[in-house]
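Trainee: I have a two-chain model open on my screen. Can you walk me through how to read it?
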Amino acid sequence: MKFVQNIFDQTRPLVEKDGKRNILYPLHNALETMAFVPDHTAHSGAHVRDAIDLKRTMVTVIFAMVPALLFGMWNIGRLHYGAIGLESTLIENFLFGALKLLPLITVTYAAGLGVEIFFSWKRNHPVNEGFLVSGLLIPLIMPVDIPLWMVAVSTIFAVLIGKEVFGGTGMNLLNPALTARAFAFFAYPTWMSGDQVWINTSGGDIVDGYSGATAMGDLATTVGQGLGNPATETVMAQFGPEGTYSLMNAFLGLIPGSIGETSALLILLGGLFLVFKGVGSWRIMLSFFVGGLVMAGIFNVFAVNEFMALNPIHQLMLGGFMFGMVFMATDPVSAAQTETGKYIYGFLAGFFGIMIRVFNPAYPEGIMLAILFMNVMAPLIDHYVVEANIKRREKRLANA
Amino acid sequence: MSTEVKQKESLFSKKNQRLLSDPFNDNNPITVQVLGICSALAITVKLEPAIVMSLSVMFVLAAGNVIISLIRNLIPNRIRIIVQLVVVASLVILVDQFLKAFAYDVSKQLSVFVGLIITNCIIMGRFEAFALGNGPWKAFLDGIGNSIGYGVILIAVAFFRELLGSGALLGFQVIPDSWYIANGGFYANNGFFLFPPMALIVVGLIIWGQRAKNTKLIEEN
């Protein structure tokens with residue numbers, strides 16, 4: 001460790017303000033704070049003493065994502081070998097998944113950090129760690145077979161329009177990772193939806209009875225056909241206890257989908273970790289879940305098609321609901337800031353997510369759109385919560 | 001009788017030149033005044049309608065400015081908006097009929113947006129702000145200047161949207177067919193550029209770029 005510190009100490013004069021290589025200062029600063037706890041201390045005022053800074057927060061979220069990430073990696077391999085009818089071991093699944101996922105992660109980080117570094121260099125800011133989490137979230141919400149340059153373009157768009165336009169990390173209105181996905185979804189719909197992109201089928205003959213669709217895609221085909229219509233029977237059989245999308249499979253994550261979104265169990269595990277560490281807001285997660293449950297429950301009561309008739313809990317285990325709840329809606333910057341606001345924000349995000357998903361089969365990923373929509377509404381919610389607070393106190397003062 | 005002889009201003013004096021050049025950058029109707037956004041979003045999917053739209057607006061704005069300026073002393077102040085509307089509406093009908101006769105395809109693509117030139121905020125804005133208080137020649141220059149400022153942005157937005165959204169320019173395929181994934185290449189058109197929100201984002205990026213260059217435009221707050 002001493003040796004690493006020596007390197008940083010020796011190169012520092014070079015990159016400081018009047019050093020020869022001061023253009024590299026942001027990079028030096030970023031690497032140094034990544035390796036060591038910064039020794040800056042505040043000089044004035046009262047400060048909360050806590051070891052947690054932006055970097056630690058971000059790393060905590062990354063730890064929380066690891067289970068879902070590893071599962072996603074394994075699931076890529078499992079689905080791939082399953083689709084081409086080969087037996088595979090645990091290790092083979094992992095290896096195949098890693099081969100697919102690592103390029104995605106690398107490209108995302110390269111593209112996103114490239115834009116970030118460019119802007120901090122232009123604006124003379126130190127590079128901050130805002131992209132650490134987004135860079136890992138983006139690959140997890142992409143289909144496995146999306147071309148890498150599309151991921152790069154979406155990432156650049158997200159960092160540019162989602163974040164830098166508003167002034168960088170901490171100032172963004174929208175969740176950057178979801179902005180990237182929304183961009184990819186509208187820009188390259190062929191590679192973001194349908195039944196061709198979720199399972200890699202290269203290098204083998206596809207087995208009989210193979211379907212590359214996701215649960216959401218299959219459910220969307222039932223919209224417009226009445227309840228109990230024989231045409232939807234085969235689709236709905238897959239949601240039965242023995243089917244591909246059974247409640248158990250959906251909970252464990254043994255279904256096709258975006259890379260990291262499938263396993264509700266491991267996502268919840270990550271969510272618990274976030275709540276336990278105080279990084280993720282349990283208020284948002286809870287109200288998000290309740291919001292989704294209420295909407296799914298309402299649909300269930302008025303079920304006119306199989307999508308609506310799906311058991312509410314089952315409904316919530318499918319698609320990106322869980323992932324959105326734990327990792328997307330809880331983004332501390334784009335979510336509501338007030339405690340009451342968080343309940344409203346989370347509830348409406350879950351509520352609208354299920355609503356969009358069921359009402360508009362063209363947008364199976366309603367969760368993404370709902371969270372982005374609520375991101376935009378969050379400042380409004382906060383405003384009214386604060387106003388209400390002021391009014392209540394004024395009233396109390398008048399009565400006293 | 002007054003012996004004062006008013007200095008006659010030359011047709012292209014400095015002041016008059018500014019009427020033409022100001023709306024191009026410092027006082028651009030779209031990027032600075034943020035007027036006429038609706039049409040900038042609606043008809044910029046392809047380059048051709050955008051060009052036709054710019055020309056139509058140029059005709060309506062220049063001719064309308066001149067007409068309003070000529071009759072500015074006759075218009076009763078209370079009903080001036082109605083008079084202005086009549087003038088724009090007549091001019092727009094002329095344009096519409098002309099397009100239907102000579103450029104039917106484009107007219108089809110522009111559909112209601114030719115008619116909606118009537119409500120284009122730039123036109124009423126120029127009538128109110130300029131033509132009512134200035135002579136016909138100045139009003140003409142102002143009309144031309146503003147419609148160029150409008151057209152340039154419109155065409156720039158349409159250029160990017162058609163190039164990235166459909167891989168074509170003016171209807172001609174620019175990106176080679178062999179690049180597309182369907183033909184074994186790597187490229188795919190960006191469908192997002194076909195949606196109006198992308199026009200808003202492109203306009204936003206243009207505003208961003210313009211303000212980065214032209215620091216006068218940055219408001220103090």
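Mentor: Start with the ground rules. This is a predicted model, in which local features need pLDDT of at least 70, side-chain atom pairs count only at pLDDT 80 or more, and totals for chains, interfaces and linings use all residues. Residues are numbered from 1 along each chain as its sequence is written, while chains are lettered from A and ligands numbered from 1 in the order in which they are written.

Trainee: How many helices and strands does chain A have?

Mentor: Helices (H or I, at least four residues) and strands (E, at least two) are DSSP runs, numbered from the N terminus. Chain A has 18 helices and zero strands. Chain B has nine helices and two strands. From its N terminus, chain B runs α-α-α-α-α-α-α-α-β-β-α.

Trainee: What are the overall dimensions of the C-alpha traces along their principal axes?

Mentor: For chain A, the trace spans about 75 × 70 × 35 Å. For chain B, the spans are about 85 × 45 × 30 Å. The radius of gyration gives another view; it is taken over C-alpha atoms, and the globule rule is 2.2 Å times the number of residues to the power 0.38. For 400 residues, a compact globule would come out near 21 Å; chain A has 23 Å, which agrees.

Trainee: How do I read burial and contacts?

Mentor: A residue is buried if 20 or more other C-beta atoms lie within 10 Å of its own, exposed if 12 or fewer, and partly exposed in between, with C-beta atoms placed from the backbone. Buried residues make up 45% of the 400 residues in chain A. In chain B, 34% of the 221 residues are buried. Two residues are in contact if their C-beta atoms, placed from the backbone, lie within 7 Å. Take contacts with a separation of 6 or more: in chain A, 71% of them join residues 24 or more positions apart. In chain B, that share is 76%.

Trainee: Why is Q5(A) classed as exposed?

Mentor: Count its neighbours. Q5(A) has 12 other C-beta atoms within 10 Å, so it is exposed. Q5(A) sits in helix 1 (residues 2–15) of chain A. Q5(A) and F36(A) are 31 residues apart in sequence, yet 8.2 Å apart in space, C-alpha to C-alpha.

Trainee: Which domains does chain A have?

Mentor: Domain bounds come from an automatic or database domain assignment. Here it gives domain 1 (19–37 + 53–214 + 256–269) and domain 2 (215–255 + 281–399). Their contact takes 32 residues from domain 1 of chain A and 27 residues from domain 2 of chain A. On the domain 1 side, helix 3 (54–83), helix 7 (176–187) and helix 12 (264–277) of chain A each give two or more residues. That side divides into 17 nonpolar, twelve polar and three charged residues. For these classes, Ala, Val, Leu, Ile, Met, Phe, Trp, Tyr, Cys and Pro count as nonpolar, Asp, Glu, Lys and Arg as charged, and the others, Gly among them, as polar. The C-alpha centres of the two domains lie 23 Å apart.

Trainee: Which residues touch the most other members of the largest nonpolar core?

Mentor: A nonpolar core is a set of buried Ala, Val, Leu, Ile, Met, Phe, Trp, Tyr and Cys residues joined through C-beta atoms within 7 Å. The largest one has 148 residues, and Y345(A), A349(A), I371(A) and V60(B) touch the most other members. Helix 3 of chain A gives the most to this core, with twelve residues. Domain 1 and domain 2 of chain A both give residues to this core, so it lies between them. Look at I371(A): leaving out residues up to four places away in sequence, it touches N175(A), L178(A), G324(A), M328(A), A329(A) and A349(A).

Trainee: How many residues of helix 16 of chain A are buried?

Mentor: Eight of the eight residues of helix 16 (residues 321–328) of chain A are buried. Helix 12 of chain A also has buried residues: A264(A), L266(A), I267(A), G270(A), G271(A) and L274(A). Their cover includes helix 3, helix 11 (247–252), helix 13 (282–301), helix 15 (312–317) and helix 16 of chain A.

Trainee: And chain B, where it touches chain A?

Mentor: Seven residues of chain B are in contact with eight residues of chain A. The chain B side divides into five nonpolar, two polar and no charged residues.
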